[in-house]
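Let me put the sequence and the model up on the screen.

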Amino acid sequence: FFEMNCDVSRIISSLLECAKDAADNVRDEIEVALVKLGTKDPGPFLVQAKEFLQKHKRGISTGHRVVVLSSMRKVMRERGRDLVHDSPFMVELIQAVNKDMTNGDIYTEWQNVACSLMVELCSLCPDAASKELMAQIPTMQLPNYFVMKSLADFAHSHPSKFIPYLKNIMTKILPLLSLVKQDNMKWIFAVSFGRFAEAILQCNVDPEPNPAYAVSEFAATMNTALNIVHTEWVNARELRVRA
């Protein structure tokens, strides 16, 4: 998709490999260098970082993965607007980040960084990113924790870009609420509903809000969800669920 100077590409490759260093300060310096190079030429850098993660699906440490994902997130935040948002590469990047974010058990540190990168992608490519996240909400099976967290953070950070997808999201997750048993999943669902409600309200503060996103358009589904939270989950063992 992109071409990069061979010398720069070799430097980035070396930095990506060296990010496995056990010393936190060394990894921090490597991340700074990666971001500096990546912001100069974001497309080729993101391709190289994505391919590195795909090549090393297993066998790299949490700290190593965090450096790569964090540098991608920072480059995307700084220069993402300069990329072609509906390009095949962006779709591939969204799919790769989502796969990395939801792969295996919950390892909070690096999956949180991947989640933050996904939210950046949601802002830049809301159609493709929302489609990918909603595809991870199967019928009668709970989605991954970080799929819900990505949707909640997307709603919180970019309510006007999120709101067009809310009806479809609620249609998919309402039938799943009876399956939510663990407190950590109750918490992320409860947080998500709160973020969704805030996004609805935020999109209705304009003098001339879009009638398609009026509070009344979401009242029935949101009331159903919040009623379950208040009546069935209020006795959850985990304090933050009750809060």
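This is a predicted model: local features need pLDDT of at least 70, side-chain atom pairs count only at pLDDT 80 or more; totals for chains, interfaces and linings use all residues.

Residues are numbered from 1 along each chain as its sequence is written, and side-chain values use heavy atoms, with hydrogens and water left out.

Helices here are DSSP runs of H or I, at least four residues, numbered from the N terminus. Start with H1, residues 6-18, and H2, residues 24-40: their axes come within 10 Å and cross at roughly 150°. (Axes are lines fitted to C-alpha atoms over the stretch in contact, and angles run from 0 to 180 degrees between N-to-C directions.) That makes H1 roughly antiparallel to H2, a word used for angles over 145 degrees.

So who touches whom? From H1 we have Val-8, Ile-11, Ile-12, Leu-15, Leu-16 and Cys-18, and they meet Ile-30, Ala-33, Leu-34 and Leu-37 of H2; contact means heavy atoms within 4.5 Å. That splits into 10 nonpolar, no polar and no charged residues. (Nonpolar is Ala, Val, Leu, Ile, Met, Phe, Trp, Tyr, Cys and Pro; charged is Asp, Glu, Lys and Arg; polar is the others, Gly among them.)

Now H6, residues 108-124. Because 13 of its 17 residues are buried, H6 is largely enclosed by the rest of the structure; buried means under 20% relative accessible area with a 1.4 Å probe, protein chains only. H6 packs against H7, residues 126-135, at about 130°, axes 6 Å apart.

Key: Helices (H or I, at least four residues) and strands (E, at least two) are DSSP runs, numbered from the N terminus. Angles under 35 degrees count as roughly parallel, over 145 as roughly antiparallel, 65 to 115 as roughly perpendicular and the rest as oblique. Buried means under 20% relative accessible area, exposed over 50%, partly exposed in between (1.4 Å probe, protein chains only).
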